Amino acid sequence: MTNPTQTSAWRALQTHYEKIKDVQLRQLFADDPRRGETMTAEAAGLYLDYSKNRATDETMRLLLQLARECGVAERRDAMFRGDKINTTEQRAVLHIALRAPRSVQIKVDGADVVAEVHAVLDKMAAFSDRVRSGEWKGHTGKRIRNVINVGIGGSYLGPEMAYAALRSFSDRSMTFRFVANIDGAAFAEATHDLDPAETLFILSSKTFTTLETMTNAATARKWIVDSLKSDASVAKHFVAVSTNTAEVKKFGIDTANMFGFWDWVGGRYSMDSAIGLSNMIAIGPANYRELLAGFRAIDEHFQSTPLEKNLPVLMGLLTVWYNNFFGAQTLGIMPYADNLRRFPAYLQQLQMESNGKHVDLEGRHVNYLTGAIIWGEPGTDGQHSFYQLIHQGTKLIPCDLIGFCQPLSPLKQHHDYLMSNVFAQAEALAFGKTPEELKAEGSPDFQTPFRVCEGNRPTNVILAEKLTPRALGSLVALYEHNVFTQGAIWSIDSFDQWGVELGKVLAKRIIPELESATEPELKHDSSTNALIRRYRRLRGGAR
């Protein structure tokens with residue numbers, strides 16, 4: 001595998017960086033009046049303006065050369081073929097199959113996975129229609145009015161984010177909630193005002209052994225059974241998204257109501273698999289198909305469009321540019337849409353779990369930075385909290401500003417005000433305010449140093465027509481393939497997550513030490529031992 005730092009493009013980029021690191025965006029726009037029109041790309045209803053980046057045509061040429069030398073296109077093609085590019089787990093990486101049309105064939109170990117995907121989608125659609133129509137009844141004969149998705153990680157963040165994003169398209173006569181945290185307060189809050197006789201739980205766990213999910217599942221089972229006075233009620237109030245038939249059956253769920261998925265779907269890439277069952281119930285099968293169509297449109301764009309106009313490739317390369325040459329350690333995601341309030345959290349897992357790696361594909365410790373730290377909040381909320389640091393702080397924080405040209409509400413003036421902030425923030429971050437401009441505006445001299453905004457803060461602006469199911473699918477796929485591009489440049493496995501496992505193992509070791517009636521012999525470090533003893537002393541109450 002290629003070490004990116006050993007490529008001729010990387011060395012050329014280092015030299016180039018020294019030449020342009022202090023160049024101002026004001027100057028770049030003055031030198032090229034058409035820059036805002038030419039440094040753009042468009043696909044699948046998404047428009048990307050990357051002109052307000054600290055990059056020139058030469059920067060982009062060298063970054064594209066880096067992509068070629070690192071084999072981004074070849075690795076992309078291997079993914080679409082179904083090659084086992086998740087090398088540490090010897091698995092294919094085929095979230096793209098989850099939204100492939102029926103006419104396509106992708107084979108893994110001799111099986112056509114697209115046919116299997118559509119069989120599950122058809123089963124999901126039939127079940128969703130039964131719940132939405134009221135045909136599916138609970139144990140007492142009442143229709144289901146509440147759906148609670150129980151999962152963790154990708155089995156939670158994706159469905160929760162998508163429901164919030166598409167709530168305008170959902171059945172408003174139904175309530176949808178999402179439980180992940182093992183803190184009992186999360187479950188209690190999700191259920192406190194619901195009627196168990198009208199509530200359906202979707203338990204999402206591939207192995208059906210995940211600690212957080214199965215702890216909440218057991219509590220949910222008790223809540224239903226205690227209220228409805230029958231173990232048989234479980235079959236009418238629980239369905240499973242899992243591959244562990246034995247454990248699903250043992251729980252009391254009818255395996256006819258079990259929806260499967262595959263080991264070639266990573267959790268953070270699974271929101272358009274059966275993991276999205278709660279979303280299909282919420283927005284209906286037709287809208288869900290639109291969501292998949294949006295994913296597919298970007299998949300096709302990523303697969304077939306030259307790198308120079310390829311949206312995910314361009315965004316991925318710019319992240320590499322800031323991460324590895326400017327030393328920018330974070331990336332802000334700022335959606336100007338309240339319905340996308342969970343999108344930054346979703347992207348935290350997608351990007352940081354994928355590319356937070358310290359060894360390359362051959363297990364060698366990398367000598368360059370990988371994965372950026374992802375964070376953000378919806379605009380305009382963030383403008384009144386942390387934008388101050390982005391504008392006048394000492395850290396370089398590239399940002400993606402995401403906006404929509406049409407509102408979801410009838411309050412059109414609100415939307416004009418909202419979108420004016422997208423354009424204003426991108427302009428202010430790029431060009432700032434000089435002492436001379438402040439003086440011309442009559443600013444008192446003593447205030448000038450405090451009011452100067454140096455500008456030169458880079459942004460991407462992403463615009464879509466409206467936040468529809470199709471647009472959301474395209475937006476998520478854009479970031480999936482953006483992450484892929486970064487990982488391919490860094491020669492890392494973006495599809496494993498071994499770092500997540502260590503804490504799980506240690507937690508399982510500590511649980512019996514907390515639950516023991518008498519103080520056990522503790523063999524941790526002195527800090528962990530002291531913390532466990534303090535917790536046991538102060539927690540109160542018998543277990």
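**Ground rules.** I note that residues are numbered from 1 along each chain as its sequence is written, and that side-chain values use heavy atoms, with hydrogens and water left out. As the model is predicted, local features need pLDDT of at least 70 and side-chain atom pairs count only at pLDDT 80 or more, while totals for chains, interfaces and linings use all residues.

**Salt bridges.** Side chains of opposite charge can pair when their charged atoms come close. How many salt bridges does a search of the whole structure find? I got 31, taking a salt bridge as a side-chain nitrogen of Lys or Arg within 4 Å of a carboxyl oxygen of Asp or Glu.

- R268 pairs with E353, and their closest N and O atoms are 2.9 Å apart. This pair links distant parts of the chain, 85 residues apart: R268 sits in the loop between β9 (258-259) and α12 (277-283), and E353 in helix α15 (residues 343-355). Both R268 and E353 are buried, where buried means under 20% relative accessible area, exposed over 50%, and partly exposed in between (1.4 Å probe, protein chains only).
- R533 forms a salt bridge with E519, with 3.1 Å between the closest N and O atoms. Here too distant parts of the chain are linked, with R533 in helix α22 (residues 526-538) and E519 in the loop between α21 (498-515) and α22, 14 residues apart. R533 is partly exposed at 36% relative accessible area, and E519 is partly exposed at 48%.
- R76 bridges to D77 at 3.1 Å between the closest N and O atoms. R76 is buried at 9%, whereas D77 is partly exposed at 29%.
- I also found R99, D272, D299 and E480 linked in a network of salt bridges.

**Backbone.** Where is the cis peptide bond that has an omega of about 10 degrees? I found it joining G379 and T380, and T380 belongs to the loop between β11 (373-375) and α16 (387-392).

I then noted positive phi values in residues other than glycine. F208 has phi near 60 degrees; F208 lies in the loop between β7 (199-204) and α9 (211-228) and is buried, at 3% relative accessibility. S491 has phi near 55 degrees; S491 is in the loop between α20 (469-490) and α21 and is buried, at 4%.

**Overall fold.** I count 22 helices and 13 strands, both being DSSP runs numbered from the N terminus (helices H or I, at least four residues; strands E, at least two). The C-alpha trace spans about 75 × 60 × 55 Å along its principal axes.

**Packing.** Buried residues make up 54% of the 543. Among contacts (heavy atoms within 4.5 Å) with a separation of 6 or more, 73% are between residues 24 or more positions apart.
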